[in-house]
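I opened my notebook for this one and went from the single chain to the pair. Here is what I looked up, in order.

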2 protein chains.
Amino acid sequence: MRIAVIGVGLIGGSVALAARERLGATVSGYDPSADALASALERGALDRACAELGEAVADAEAVFVAAPVGVLAETVGAVLASAPADCVVSDVGSTKRAVVAAHSDPRFVGGHPLAGAENAGVANARADLFEGATWYLTPASSTSGVLYERLYRLLHGLGARPAAIEPELHDTILATVSHLPHVLANVLVSQAAQTLASGDERMPATGPSFRDATRVAGAPSAIWTDIYLSNRDALAVGLDDTIERLAAVRDALAAGDADRITTWNETAARDRRRLLEAQLAGGPLYELRVSVPNRPGVIAQLSLELGRAGVNITDMALYPAADMSEGVVALWIAGEEPARRADELVASLGFPVARA
Amino acid sequence: MRIAVIGVGLIGGSVALAARERLGATVSGYDPSADALASALERGALDRACAELGEAVADAEAVFVAAPVGVLAETVGAVLASAPADCVVSDVGSTKRAVVAAHSDPRFVGGHPLAGAENAGVANARADLFEGATWYLTPASSTSGVLYERLYRLLHGLGARPAAIEPELHDTILATVSHLPHVLANVLVSQAAQTLASGDERMPATGPSFRDATRVAGAPSAIWTDIYLSNRDALAVGLDDTIERLAAVRDALAAGDADRITTWNETAARDRRRLLEAQLAGGPLYELRVSVPNRPGVIAQLSLELGRAGVNITDMALYPAADMSEGVVALWIAGEEPARRADELVASLGFPVARA
């Protein structure tokens, strides 16, 4: 398989490494920084370092755009202009509404892996960065089902767990589970630096809860200013909610209300358990075979409906009929109960479905 | 060495394990829960499980009280009433003002290790829990220097880095570096649970920044309600500061002000580096030998003054003269520059000091 990676930092470099090491793919790379490109080649992430974006994508079967969010839509546009007609193009940007709204090309599928590392750059790239990581995809009604399936299986091969989601819901969720924790980490370190410096020259040690809570503080501005701004409406809603919740805690403390504090803490414990259980949901794999007409948007619709219902598609394969008029999509779903729900849901959408 | 541990949960159990495994100490334990006591014995944390607190401390040379903050002062009082005259008594409570104000016995030194684990209970106790961890001590003018030194060396033997601090500053710092991160973790999980559940049955995955930021969410209420309440004034001040900082971020986002966001993020990055550098501060060890009169409070004064100046005492040893009228305290300090500052500071306090 021939893959192109545009932008060879931590994420792009890890995609390239994983594609070469795990899938035996041939990987071309382009980066506006000649230094980054040279490092990626030296690191063994690329088969070929290209001086031009067009050269990198010219014969690719799949392209990953790992550019900063601020130039993402424009870079995806440049890739679509140069990539072959049967090439799937995706990105790894942390916000999805803007880039998806900008491109309705059937070859484009927005994407976002929930993976990262403490330090940026290809030097910190790893072939196992996506192992077990959720990789959100935002297929649209314009998206080609064949190319979506290719991308899905490719991500599965990189070790990730692809999951379809609407761009709007993606950005709302990410505001809460990523952008907001980054803001809080920033606020915490600055607050602590001020408190700790106040005792003359003192700068004493902090504990494990602080280190965990601030691991992502001061993430690279070149990446994060764009992320914050591109999702600023959703993040502002999240911040208002946080402020309201913090004020409620302060009020309970001021009142010395042990019952209220305990109830609040128990709710958090229960919410944490629910989130952990959701992560661990699984079970034996069931295969559903769905007959679908070969028209744009069918695979996207199926994926999004199942995602919305909380059904996680572990893997997917598309078997088109010889005349391309229709096909069968095989969906592998973990767990008896999710598989049953998927079965019902797919049937209710009017597609013939059978357990394999 | 004979050690008693009152309360054999995660922290008490880890003290017991570390004392047995690392120092070859004989450890007696007491816990109001017979189950916890039996588990600790089974886990190999105790040589002897005692049905009564008085029995556990009767012949101890050092006692650690690892009781919930809400019953801490009372439990320390019970220990002081039963412990021998030359036994040092300390605690591991997360807030220090209340317990220190309650006890001016020369045998008592408040303490607090900055260590913890995701799960409570002796089942999760580990002999290496304190390896490299800051262990705050709050010696008072009433504290016996000989007993303080015994405790200091004992903690050093458990792998910890003891550091003297005033109870007030301890509680302010802990509000920022521990209690506030716990509150934020609680708020984040509950906010995420609400957002993630909003898409019908959806409960998708979260990413690494979220997992780190919420590791301590919903910590056991039996411990944490007391901690929050016992430090509620300092925590409320911290929460107001957090709310103000979050509102400023929200305003910068609303204004779409990229420069302000970048400046804010860069400040956080700089503050994080400063905090990390402070943790890593070190260098070759220098030994200072300080001559001190044998009167109460001298060791506490020295420790607190050096702590306030940001000098970390790596280890300490006290050599009393035969007639106990005076003695020499050896202080080991990491780094040329901190050693020089310590030298000057000790001299300015009027104590003869020499580099060994």
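Domain bounds here come from an automatic or database domain assignment. With those bounds, I have chain A split into domain 1 (2–165), domain 2 (170–279) and domain 3 (285–355).

Ground rules, before going on. This is a predicted model, where local features need pLDDT of at least 70, side-chain atom pairs count only at pLDDT 80 or more, and totals for chains, interfaces and linings use all residues. Residues are numbered from 1 along each chain as its sequence is written, while chains are lettered from A and ligands numbered from 1 in the order in which they are written.

**Entry: chain A overall.** I listed 13 helices and 12 strands in chain A; helices (H or I, at least four residues) and strands (E, at least two) are DSSP runs, numbered from the N terminus. Next I checked the radius of gyration, taken over C-alpha atoms, against the globule rule of 2.2 Å times the number of residues to the power 0.38. For 356 residues a compact globule would be near 21 Å, and chain A has 22 Å, which agrees. Of these 356 residues, 53% count as buried, meaning that 20 or more other C-beta atoms, placed from the backbone, lie within 10 Å of the residue's own.

**Entry: domain 1 against domain 3.** I found the C-alpha centres of these two domains of chain A 25 Å apart. Their contact takes 17 residues from domain 1 of chain A and 14 residues from domain 3 of chain A; two residues are in contact if their C-beta atoms, placed from the backbone, lie within 7 Å. On the domain 1 side, H6(A) gives the most, with seven residues.

**Entry: chain B against chain A.** How many residues does each chain bring to the contact? I noted 85 residues from chain B and 85 residues from chain A. H7(B) supplies the largest share of the chain B side, 22 residues. That side divides into 45 nonpolar, 25 polar and 15 charged residues. For these classes, Ala, Val, Leu, Ile, Met, Phe, Trp, Tyr, Cys and Pro count as nonpolar, Asp, Glu, Lys and Arg as charged, and the others, Gly among them, as polar.

**Entry: symmetry.** I laid chain B on chain A with an RMSD of 0.1 Å, by a turn of 180° and a shift of 0.1 Å along the axis. That is the relation of a two-fold axis. In chain B, the C-alpha nearest the axis belongs to B:Ala213, 2.1 Å from it. The superposition is by least squares on the C-alpha atoms of residues with pLDDT of at least 70 in both copies.

Note on methods:
Buried ≥ 20, exposed ≤ 12 C-beta atoms within 10 Å, placed from the backbone.
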